[in-house]
Amino acid sequence: MSAQNSAGIQTLLDAERDASKIVQKAREYRTKRVREARDEAKKEIEAYRTKKEEEYKKFEAEHSQGNKAAEEEANKEADAQIAKIREAGKKNQDAVINDLLEAVFNPRPEPIAA
């Protein structure tokens, strides 16, 4: 009986050793799979980030051109207004100077009503 018990114990030890190997392989596989999943997620995140950056650059380019056109139009309008003001100043410049000189050289004092 002792040989039978010894053989049974040996069979159990062999089975336990095999189970430990299976568990160890499962742990290694799980660790490997977690690393692979993390790497895949990083790649997906980077691809998503790149896509969104490209979309943003495209959006920015489309909308900044509209702003540039509006800015150029505003500048043209401002330049036209400035030109009108300068032209009006040149037309009336002599009359204004004469009026100022007249007021300085020929003062007409008037009493202030209190």
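1. Let's start with E46 and R49: they sit 3 residues apart in helix α1, so about one helical turn separates them. Helices here are DSSP runs of H or I with at least four residues, and strands are runs of E with at least two, numbered from the N terminus. The two side chains form a salt bridge, with their closest N and O atoms 3.2 Å apart. That term means a side-chain nitrogen of Lys or Arg within 4 Å of a carboxyl oxygen of Asp or Glu.

2. A word on what you are viewing: this is a predicted model, where local features need pLDDT of at least 70 and side-chain atom pairs count only at pLDDT 80 or more, while totals for chains, interfaces and linings use all residues. Residues are numbered from 1 along each chain as its sequence is written, and side-chain values use heavy atoms, leaving out hydrogens and water.

3. How exposed is the first pair? E46 is partly exposed at 44% relative accessibility, and R49 is partly exposed at 43%. (Buried is under 20% relative accessible area, exposed is over 50%, and partly exposed lies in between, using a 1.4 Å probe and protein chains only.)

4. Now look at R33 and E36, another salt bridge, at 3.3 Å between the closest N and O atoms. R33 and E36 are also 3 residues apart in helix α1, about one helical turn.

5. Further along, R108 and E102 meet in a salt bridge of 3.8 Å, N to O. R108 is exposed at 66%, whereas E102 is partly exposed at 36%.

6. Finally, the whole chain: it has 1 helix and 0 strands, and 0% of its 114 residues count as buried.
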